[in-house]
Amino acid sequence: KPAGLRTARKHRDHRRTQRWNDKSYKKAHLGTALKANPFGGASHANGIVLEKVGVEAKQPNSAIRKCVRVQLVKNGKKVTAFVPKDGCLNFIEENDEVMVAGFGRSGHAVGDIPGVRFKVVKVANVALNSLYSG
C-alpha cells in the first residue's frame, strides 16, 4: 500500500473509485433512482383518478383493499394509490384530482397490499381525513 508523503493523489483517486462499490452511495449519486421514482424526488404529487380498483391482500389475510389508479399531472406516469380509512372510497370519483403521498417505506409496499407504494391524501384539495371525520 502507498503510504507516506506524496501519496495523497493516489489515496484520493483510490477512494473515489472505491466509493462506487458502496450501494447507498451509488443509489444516491447515479441519478437512476430519481429517474425511476414516479414523483421525481418530490414528497407529494397531484394526479387524476383513472379508475377505482380493489387489490386483494396477501396471505394469510383475506380482504379487498380499496385503491385507485392515478395518472400524475407532472409526468403522466400511472401509479396505484391506497385509499385509507373505512368508506373513504365513496368520496372519490373518477376524473377527480387527488394528491398522492408515499406510503411510509421509501418506495416499498406496505403490509399486505402488494405493489402499492402510495396513498391518497387529498381529494379536490380537501384532506381525506377531514372528509372522513366530518
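Which residue takes a positive phi in the hairpin of β5 and β6? I looked it up, and A124 does, with phi near 50°. Two residues lie between the strands of this hairpin.

**Ground rules.** I am working from a predicted model, in which local features need pLDDT of at least 70, side-chain atom pairs count only at pLDDT 80 or more, and totals for chains, interfaces and linings use all residues. Residues are numbered from 1 along each chain as its sequence is written, and side-chain values use heavy atoms, with hydrogens and water left out.

Entry 1: I kept the general rule in mind. Most residues other than glycine have a negative phi, and most peptide bonds are trans. N125 has a positive phi of about 60° and is not a glycine. I found N125 in the loop between β5 and β6. N125 counts as exposed, because its relative accessibility is 64% (buried is under 20% relative accessible area, exposed over 50%, partly exposed in between, with a 1.4 Å probe and protein chains only). K85 also has a positive phi, near 70°. K85 sits in the loop between β3 and β4. At 45% relative accessible area, K85 is partly exposed.

I then checked the peptide bonds. The bond from Q59 to P60 is cis, with omega near 0°. P60 belongs to the loop between β1 and β2.

I noted G87 too, in the loop between β3 and β4. G87 is partly exposed, at 34% relative accessible area. From G87 to I64 I read 13 Å, C-alpha to C-alpha, across 23 residues of sequence.

**Entry 2: strand pairing.** I took helices (H or I, at least four residues) and strands (E, at least two) as DSSP runs, numbered from the N terminus. I called two strands paired if DSSP finds at least two bridges between them.

- β1 and β2 are antiparallel, with nine bridges. V55 has R65 of β2 as its bridge partner.
- β1 and β4 are antiparallel, with five bridges. A45 stands opposite V100 of β4.
- β4 and β5 are antiparallel, with five bridges. M99 has K122 of β5 as its bridge partner.
- β3 and β5 run parallel, joined by two bridges. F82 has K119 of β5 as its bridge partner.
- β5 and β6 (residues 126–127) are antiparallel, with two bridges. K122 stands opposite A127 of β6.

**Entry 3: N46.** Which residues does N46 contact beyond its neighbours within four places in sequence? I listed L72, V73, E97, V98 and M99 (contact means heavy atoms within 4.5 Å). N46 is in strand β1. Its relative accessibility is 29%, so N46 counts as partly exposed. N46 and A124 are 78 residues apart in sequence, yet 9.8 Å apart in space, C-alpha to C-alpha.

**Entry 4: cores.** In soluble globular proteins, nonpolar side chains tend to be buried together. I used this definition of a nonpolar core: buried Ala, Val, Leu, Ile, Met, Phe, Trp, Tyr and Cys residues joined through side-chain atoms within 4.5 Å. The largest core here has 18 residues. V68, V70, V83 and V120 have the most contacts inside it. At least two residues of this core come from each of β1 (44–56), β2 (64–72), β3 (78–82), β4 (97–102) and β5 (118–123). A second core is separate and has six residues, including V55, C67, I113 and V116.

Leaving out residues up to four places away in sequence, V68 touches V49, V53, V79, L89, I92 and V120, among others. E51 and K52 are also among its contacts.

**Entry 5: largest pocket.** What is the volume of the largest pocket? I noted about 340 Å³. A pocket, on a 1 Å grid over the protein atoms alone, is an open set of points where a 1.4 Å probe fits, with protein on both sides within 12 Å along at least five of seven lines; lining residues have an atom within 4 Å of a point. Grid points are joined across faces, edges and corners, and the volume is the space filled by probe spheres set on the points.

The lining has 15 residues. Nearest the pocket centre are N37, A42, S106, G107 and R117. Helix α3 (residues 32–36) gives the most to this lining, with three residues. I sorted the lining into seven nonpolar, five polar and three charged residues (Ala, Val, Leu, Ile, Met, Phe, Trp, Tyr, Cys and Pro count as nonpolar, Asp, Glu, Lys and Arg as charged, and the others, Gly among them, as polar).
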